[in-house]
Amino acid sequence: QARVMYDFAAEPGNNELTVSEGEIITITNPDVGGGWLEGKNSQGERGLVPTDYVEIITEGAKDGISCGNSLADQAFFDSLSSSTAQTSSAAKSSNQPSIANDPWSSWNVGNNGNAVDNWAMKPESAAGQRNNASNNWEAAAAFGHPQAYQGPAAADDDDWDDDWDDPKSASPSYLGYKETEASEAGGVQRGNSRAAAMKLPLNKFPGFAKPGMEQYLLAKQLAKPKEKIPIIIGDYGPMWVYPTSTFDCVVADPKKGSKMYGLKSYIEYQLTCTNTNRSVNHRYKHFDWLYERLLVKFGLAIPIPSLPDKQVTGRFEEEFIKMRMERLQAWMTRMCRHPVVSESEVFQQFLNFRDEKEWKTGKRKAEKDETVGVLIFSTMEPEAPDMDMVEIEQKCDAVGRFTKAMDDGVKELLTVGQEHWKRCTGPLPKEYQKIGKALQTLALVFSTSGYQGESDLNGAITEAGKTYEEIASLVADQPKKDLHFLMETNHEYKGFLGCFPDIIAAHKGAIERVKESDKLVATSKITPQDKQNMVKRVSTMAYALQAEMNHFHSNRIYDYNSVIRLYLEQQAQFYETIAQKLRQALSRFPVM
């Protein structure tokens with residue numbers, strides 16, 4: 001048996017079973033495929049239910065107490081540390097109601113309904129807690145940050161044809177869809193049933209259970225990967241090397257497909273690179289796979305924001321498909337803009353494979369890539385002398401302060417924008433409608449006076465009332481023309497900024513290791529040459545951070561200049577239209 005954790009509404013014709021939170025169902029087939037199981041309710045009705053929407057009821061479980069793990073989560077939780085498991089479990093418990101007519105109601109919502117702040121626990125407080133442990137170096141053990149998807153096991157290579165979409169979803173709440181988890185839940189929940197530890201060499205120190213900072217900082221000689229990521233000094237400091245020609249990727253032409261002999265349906269998107277004009281087709285799960293690979297590979301050096309979340313119920317409605325395609329387009333454009341990500345082998349293969357065999361070969365190769373996590377810095381070659389530790393720490397702190405302050409500013413604008421959106425689509429149009437109706441009612445009363453000389457006035461008042469009703473419609477429609485784009489840009493940057501606490505924590509962890517290295521030299525645990533190597537490698541990390549921040553700032557300046565200009569232009573046009581309508585209504589009144 002299993003307990004239902006979330007409400008699920010079956011779609012007609014898909015052999016699905018409608019279930020409600022708290023309901024107990026009997027599992028008749030635990031693995032239909034594609035993240036679905038077959039269940040039977042108390043009425044004897046059978047159908048498909050998303051695997052992650054239920055949890056197993058163990059024999060020892062008491063009534064009303066859940067075991068805490070969904071079917072798809074059990075294997076994943078076994079392979080994670082307790083802290084990551086708690087993070088995942090907490091994210092799963094979030095089931096916040098959405099607010100009608102408000103596309104951003106879920107963006108700042110946590111499990112208790114309060115604003116989510118990725119900075120509250122990172123990096124200082126978390127690092128401080130870790131540093132109190134008996135082994136201070138333990139903090140550098142994990143190579144990935146909390147979002148990091150650990151990658152499918154090698155045995156899963158041949159399972160790509162099987163669907164492994166995570167059916168959990170979150171959708172624009174103003175389209176009327178139910179929010180099932182906060183959008184910040186990140187990659188841990190995606191594909192987690194297939195997660196396995198990266199197969200990298202064990203570390204020589206007992207405090208390191210996973211390959212991480214120690215492997216990068218203390219390795220006698222780093223393996224020289226084929227890929228090289230140069231960092232040059234430009235007019236504004238360290239910067240990535242940009243390709244001579246840039247490209248974008250157009251996401252278009254969503255089409256509905258089916259699988260499992262028509263039992264399940266999905267949406268497939270066409271991607272066309274502007275530099276090759278070749279098209280490939282990808283489903284959402286393929287985008288999700290790309291996100292996870294980029295996060296694992298670059299996530300400690302480059303912010304990789306999450307994708308728009310998966311949708312189960314209502315996933316084929318035209319408005320939802322349009323919104324998701326718009327957000328996938330924005331995400332792909334961001335990745336195409338980045339000089340490192342866009343030129344990476346995994347990204348190029350995603351866009352340019354020629355057939356299914358080539359796709360699967362490239363996929364397997366990407367999943368076996370060992371240059372991931374902190375080891376990505378081993379591919380970077382700054383064309384500049386090493387920084388001293390004081391400068392490294394100052395620059396790291398400066399990045400932390402700015403990104404934290406910008407994160408606060410972006411969240412504030414999102415909150416204000418959300419309230420304004422609700423006002424413009426709710427109370428404000430109603431106020432204008434009330435004015436319009438009141439004027440028309442007054443004109444109707446005046447017309448019953450029997451006085452012959454007021455027909456022109458009554459007609460003018462009636463038209464003025466209708467004008468206010470037209471203004472009500474303009475007010476309700478306006479947010480889609482200007483505020484929408486401002487909010488979407490802020491949402492994108494909120495995603496970027498949410499990655500920085502982990503990036504900063506990795507850099508601060510490396511800096512702390514260097515500070516502790518004198519003690520290790522004194523106790524002959526490492527040699528003076530080891531310490532010099534550590535300083536050099538931390539300097540490389542600092543150059544990478546500065547290069548990424550210069551890329552971030554240049555994009556930020558361009559994006560906010562563009563979107564705020566658009567907002568003001570649309571606002572000016574909006575008020576000019578209203579003024580024109582009011583002047584036209586005014587012209588109908590007789591001059592006395």
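Analyst: pLDDT is the predictor's confidence in each residue, on a scale from 0 to 100. The chain averages a pLDDT of 76 here, and 70% of the residues score at least 70. Over residues 61-116 the pLDDT is below 50, yet this stretch has 131 contacts (heavy atoms within 4.5 Å) beyond near neighbours in sequence. Residues 120-211 are also below 50, with 254 such contacts in the model. Where pLDDT is low, predicted coordinates should not be read in detail.

This is a predicted model: local features need pLDDT of at least 70, side-chain atom pairs count only at pLDDT 80 or more, and totals for chains, interfaces and linings use all residues. Residues are numbered from 1 along each chain as its sequence is written, and side-chain values use heavy atoms, leaving out hydrogens and water.

The chain has 14 helices and eleven strands. These are DSSP runs, numbered from the N terminus: helices are H or I with at least four residues, strands E with at least two.

Three strands form an open sheet in the order 7-6-11, with mixed pairing. Two strands pair if DSSP finds at least two bridges between them. Strand 7 (237-240) and strand 11 (380-382) stand at the edges. Each has a single partner strand, so one side of each is left without a neighbour in the sheet. The twist averages 30 degrees from one strand to the next. Angles run from 0 to 180 degrees between N-to-C directions, using axes fitted to C-alpha atoms (for helices, over the stretch in contact).

Look at one pair of strands. Strand 6 (residues 229-234) and strand 7 are antiparallel, joined over four bridges. In one of these strands, strand 7, P238 is the bridge partner of I233.

Helix 14 (residues 528-586) lies across strand 6, strand 7 and strand 11. Helix 14 runs at about 80 degrees to strand 7.

Follow the chain to one more residue. Q478 sits in the loop between helix 11 (455-477) and helix 12 (483-497). At 7% relative accessibility, Q478 counts as buried (under 20% relative accessible area; exposed is over 50%, partly exposed in between; 1.4 Å probe, protein chains only). Setting aside neighbours within four places in sequence, Q478 is in contact with Q570, Q571 and F574.

Across the chain, buried residues make up 50% of the 592 residues.
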